[in-house]
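Subject: A structure for you to look at

Hi there,

Here is the structure I promised to pass on. Please open it beside this email and follow along as you read.

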Amino acid sequence: MIRKLISRVFGGRKATAGHREPAVIPVASHRITRDRISSGSRRVCETLQQHGHKAFVVGGAVRDLLIGAEPKDFDVATDATPEQVRRAFRRSRIIGRRFQIVHVMMGQETIEVTTFRGELDANTKKDEHGRVLHDNVFGSQAEDAARRDFTANALYYDPATEAVIDYHHGVGDLKARTLRMIGDPRARYREDPVRMLRAVRLAAKLGLIIDPAAKKPIREMADLLENVPAARLFDEMLKLLTSGHAVKCVTQLRDEGLHHGLLPLLDVILEQPMGEKFVMLALANTDERIRRGKSSSPGFLFATLLWHEVLAHWEKLKAQGEMKIPALYQAMDNVLDVQAEKLAITRRIAGDIKEIWSLQPRFEARAGKRPYGLLEQPRFRAAYDFLVLRAEAAEIERELADWWTRFQAADPDERAQMLLPEAAGDKKKRRRRRKKPSGPGGESGPESGVDRDSQAG
Ligand code: ATP
Ligand code: MG
């Protein structure tokens, strides 16, 4: 307390930053009328203001509206405490993540309401690298603005007056298409290394240039990411990969040296020619889906990112004499055991990933009843999309994917005609099984191995 008072009286970077007079930008100049924000966030602000509190739409939504992008969600910042917010709304609950926030349910919408954060001080708990561990101190609006990461993210929109309140020249920076860090970038990355990833993601997503002062330290400070809890990295990576600009993000991550230690396998994968091609195709495909407003499941995404690692393990196991299917399952487990822990992939997502992978060999069976059984699988669609990607990456023959494309669309008669003769396939299979495990996969690389079998029918 006393230290905080002294630092305020005698100044210091954060204290001055926290007491700056904001620019109040009228609607005539920015043209964001109140009907542009969601009805839920508007009602939340109105209700809090009626209770005598300050309340604004804040962060990404204001930024996105200013540059003509569609906001993902509308967050609210207020001087009311979480408890006061909770009491003001019947359908609301306090959730404690890194800091306490309140979820207010308004119709279909859930509005995240955050109490203004106070400035960091000597009492703030940090780890040995300077990463902030707890920050649940409330503060003024000016302090809250100074705690945000980029100037473009520190804008407050008041639905009552339709004014944008700008403490850090965010509107000007946005006009100049610049992503500028509030305060000293090095200090801010040390407090929270995830800001490096946010810089890359937001710049890619919004078409902004990272200000050189914020860009330069990223390469030197990338190692700090190793110290961030895996679950938080996973969340951020997921945001990045589902931003609709994953190709750009991953390319820039690599340019900034940020993929090391982050998605450790991405590193390995990107260096294998087949792997890189596959991952980039998969990401381009995801970007395309998201831009068309379709969803993309985390399971599918991570299944693609880790596939070539599975292929490599699978090939190795087969070369050691393992049978095809048990080898695949073992390879899947090997890869997921390592990655699930490193990336904090949840059990549910790991389950989805496995399903997509394990259905792949089943596409090779194109005789008898088996193709019909596969069509009935709940995860058929994702597994088929995955198969198409493999064909596009030339890992397997195009012909197999095309066959499945046609088979799905065909009527019952056509389907029956498409089936391959049962006997031939079966005989081959039996012969193969009886063969002694003397490393048949020896001559085939990871990219061709899977398909050799599928060609056989
Ligand atoms: P998106 O469009 O992906 O939602 P966003 O900027 O809204 O981008 P959120 O994670 O929703 O990202 O965060 C909301 C706001 O909270 C940000 O605009 C920023 O003001 C603040 N914020 C988020 N993460 C950080 C951080 N690591 N450090 C400082 N401020 C942050
Ligand atoms: Mg947001």
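Below I go through a strand, an aspartate, a leucine and a ligand.

Some ground rules come first. This is a predicted model, in which local features need pLDDT of at least 70 and side-chain atom pairs count only at pLDDT 80 or more, while totals for chains, interfaces and linings use all residues. Residues are numbered from 1 along each chain as its sequence is written, chains are lettered from A and ligands numbered from 1 in the order in which they are written, and side-chain values use heavy atoms, with hydrogens and water left out.

**Strand E8**

Helices (H or I, at least four residues) and strands (E, at least two) are DSSP runs, numbered from the N terminus. Please find strand E8, residues 163-166. In a regular strand the side chains alternate between the two faces of the sheet. In E8, Ala163 and Ile165 lie on one side and Val164 and Asp166 on the other, and all of them are buried. Buried means under 20% relative accessible area, with exposed over 50% and partly exposed in between (1.4 Å probe, protein chains only).

E7 and E8 form a hairpin with four residues between them, and Glu162 in the turn has a positive phi of about 65°.

**Asp158**

Asp158 is found in strand E7. Why does Asp158 count as buried? Because its relative accessibility is 12%. Asp158 has no salt bridge, and the nearest side chain of opposite charge, Arg34, is 7.6 Å away. A salt bridge is a side-chain nitrogen of Lys or Arg within 4 Å of a carboxyl oxygen of Asp or Glu; for charge, Lys and Arg count as positive and Asp and Glu as negative, with His and the chain ends not counted.

The side chain of Asp158 does make a polar contact of 3.1 Å with the side chain of Gln49. (A polar contact is a pair of N or O atoms within 3.5 Å; within protein, one must be able to donate a hydrogen and the other to accept it, and residues adjacent in sequence count only if both atoms are side-chain atoms.) A polar atom of the Asp158 side chain also lies 2.9 Å from the backbone nitrogen of Ala160. Asp158 and Ala55 are 103 residues apart in sequence, but 7.2 Å apart in space, C-alpha to C-alpha.

**Leu317**

Leu317 is found in helix H16 (residues 298-319) and counts as buried because its relative accessibility is 9%. The C-alpha atoms of Leu317 and Gln330 are separated by 8.3 Å.

**Ligand 1**

A nitrogen atom of ligand 1 is 2.8 Å from an N or O atom in the side chain of Arg195. An oxygen atom of ligand 1 is 2.8 Å from an N or O atom in the side chain of Lys239.

Happy exploring!

Terms used
Pairing = 2+ DSSP bridges.
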